[in-house]
Amino acid sequence: MNTKRIALIGLMTAVICVLGPVSFPLPISPVPISLGVLGVLLATYLLGMKWGTVSCTIYLLIGLVGLPVFTGYSGGMGKVLGPTGGYMIGYIFLSLIAGFFIDKWPAKWGMHLAGMVLGAAVMYLFGTLWLGYLMKCSFLEALWLGTIPYIPAELVKIAITLGLGGLIRRRLMKAGLIV
């Protein structure tokens, strides 16, 4: 761990904290579309599995202590125990899985895409299971409430990460700030 890495982790945690509260409610679900996923994807794409997951975990801890970094500018344990809590816990698995693919195949954007899609699927699995439990509905009903309507938005976030994140990643590598 060096000063550059600490600064990059802090910067990417800040990016997640800025994007996390920005959300767009859907009338059919208690779960909004959140830009927090975009922040987690960008952090992971730039920092890799280990440090991207650290950044994501710091974000979650900042929100858990009550700072308003979760959707709708909220924070605290109540938010994690609410309808979006499973998705937020899923952020860690999204970062681990996507980061693994990014680290394992650093020059293959197709594998990066696969890792992000697989990571998002696992994140949505956690979110769907928790949402179904809280709303006392079947897995299929929870899937329709909290996952299926969000797939197009997730694909857009992944495309933004591959495009913008790829550009930033190449520049950071050229500058010697990341490996």
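User: By class, which residues make up the lining of the largest cavity?

Analyst: This is a predicted model, in which local features need pLDDT of at least 70 and side-chain atom pairs pLDDT 80 or more, while totals for chains, interfaces and linings use all residues. Residues are numbered from 1 along each chain as its sequence is written, and side-chain values use heavy atoms, without hydrogens and water. Ala, Val, Leu, Ile, Met, Phe, Trp, Tyr, Cys and Pro count as nonpolar, Asp, Glu, Lys and Arg as charged, and the others, Gly among them, as polar. The lining has 12 nonpolar, 4 polar and 2 charged residues.

User: Which helix gives the largest share of that lining?

Analyst: Helices (H or I, at least four residues) and strands (E, at least two) are DSSP runs numbered from the N terminus. Strand 2 (33-34), helix 2 (36-64), helix 4 (85-104), helix 5 and helix 7 each supply at least two lining residues. The largest share, 3 residues, comes from helix 4.

User: At what angle do helix 5 and helix 7 pack?

Analyst: Axes are lines fitted to C-alpha atoms, for helices over the stretch in contact (heavy atoms within 4.5 Å). Angles run from 0 to 180 degrees between N-to-C directions. The axes of helix 5 (residues 109-135) and helix 7 (residues 151-174) lie 11 Å apart, and the packing angle is about 145°.

User: Which residues of helix 7 make this contact?

Analyst: By class, the contact has 8 nonpolar, 2 polar and 1 charged residues. Helix 5 contributes Trp-109, His-112, Leu-113, Met-116, Val-117, Met-123 and Tyr-124. From helix 7 come Glu-154, Ile-158, Thr-161 and Leu-162.
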